[in-house]
Amino acid sequence: MMQAFHDVSFPLSIAFGASGGPERRNEIIQLSSGAEKRNARMAYSRRRYDAGAGIRSLDDLYEVMAFFEARRGSLHAFRFRDPFDMKSCSRGATPASSDQVIGTGDGSKRRFRLRKTYGEGADAYMREITHPLASSVRVAVDGSEIQPSAGFSVDPATGEVVFASHAVPANGAVVTAGYVFDVPVRFDTDQLNASITSFRAGQIPSIPMVEVRS
């Protein structure tokens, strides 16, 4: 389990003004022939953000300062809505139950991890989604949408789709899902430098955050 996680969201209006995105670490070695040998040092990408540009008022500044204090700086992780990648579908679309393949039934498996696939074929990258917005999750089995009240729930601790005993996907049935999701992050600093620039405005030049994994 993720250590010291607070299931609260960083202020959305400020998050949508953030900059950042995925980070990868690759090792590139140039051989004597001039060719390159490239190795991935991280199996999964890691996202970094800076929400400083999202501060637009003194109210925003005070809200972030209070949120930072409540998280004890970098001690506790929390939810962050990535303004660039927060849905199972494209940004302008509405999540549908057919968006992402999350597994295949075997007649007894009840728990399915949400995931999002980037690219196609054998070299596609599959990202685990651990913090969906539970109310947004839509699920289908072999193309037929399942109603959450009757067929499944979302485990708040793991983000997994959990089928009811009477709705377990049959052997070979394709399970798909659509959803809105958050990224678990922590502050990547233990100090915020705030300033008041005018009667109704203030700034925090940098509010760095980094994705955490369980």
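Which residue stands opposite Val183 in β17? Phe80 does. The legends below cover this pairing and related close-ups.

The model is predicted; local features need pLDDT of at least 70 and side-chain atom pairs count only at pLDDT 80 or more, whereas totals for chains, interfaces and linings use all residues. Residues are numbered from 1 along each chain as its sequence is written, and side-chain values use heavy atoms, with hydrogens and water left out.

**View 1. Strand β6 and its pairing with β1 and β17.** Strands here are DSSP runs of E with at least two residues, helices are runs of H or I with at least four residues, and both are numbered from the N terminus. Two strands pair if DSSP finds at least two bridges between them. Strand β1 (residues 5-9) runs parallel to β6 (residues 77-80), and two bridges join them. Ser9 has Arg79 in β6 as its bridge partner. With strand β17 (residues 181-187), β6 pairs in the antiparallel sense over three bridges.

**View 2. Aromatic pairs of Phe10 with Phe78 and Phe80.** Rings of Phe, Tyr and Trp (its six-membered ring) pair if their centres lie within 6.5 Å; planes under 30 degrees apart count as stacked, over 60 as edge-to-face and the rest as tilted. The structure holds 12 aromatic pairs. One of them is the stacked pair of Phe10 and Phe78, at 6.2 Å centre to centre and 25° between the planes. Phe10 lies in the loop between β1 and α1 (12-15) and Phe78 in strand β6, so this pair ties together parts that are 68 residues apart in sequence. Phe10 and Phe80 form a tilted pair, with 5.7 Å centre to centre and 50° between the planes. That pair links distant parts of the chain, 70 residues apart. Ring pairs link Phe10, Phe78 and Phe80 into a cluster with Tyr49, Phe67, Phe68 and Phe187.

**View 3. The open sheet β8-β15-β14.** Three strands make up this sheet, with antiparallel pairing. Its edge strands, β8 (111-112) and β14 (152-154), each pair on one side only. Three bridges join β14 to strand β15 (residues 161-163), and Phe152 has Phe163 in β15 as its bridge partner.

**View 4. Arginine charges over tyrosine rings.** A charge sits over a ring if NZ of Lys or CZ of Arg is within 6 Å of the ring centre and within 35 degrees of the ring normal. Arg24 lies over the face of Tyr125, at 4.4 Å from the ring centre. The charged end of Arg213 sits over the ring of Tyr44, 4.2 Å from its centre.
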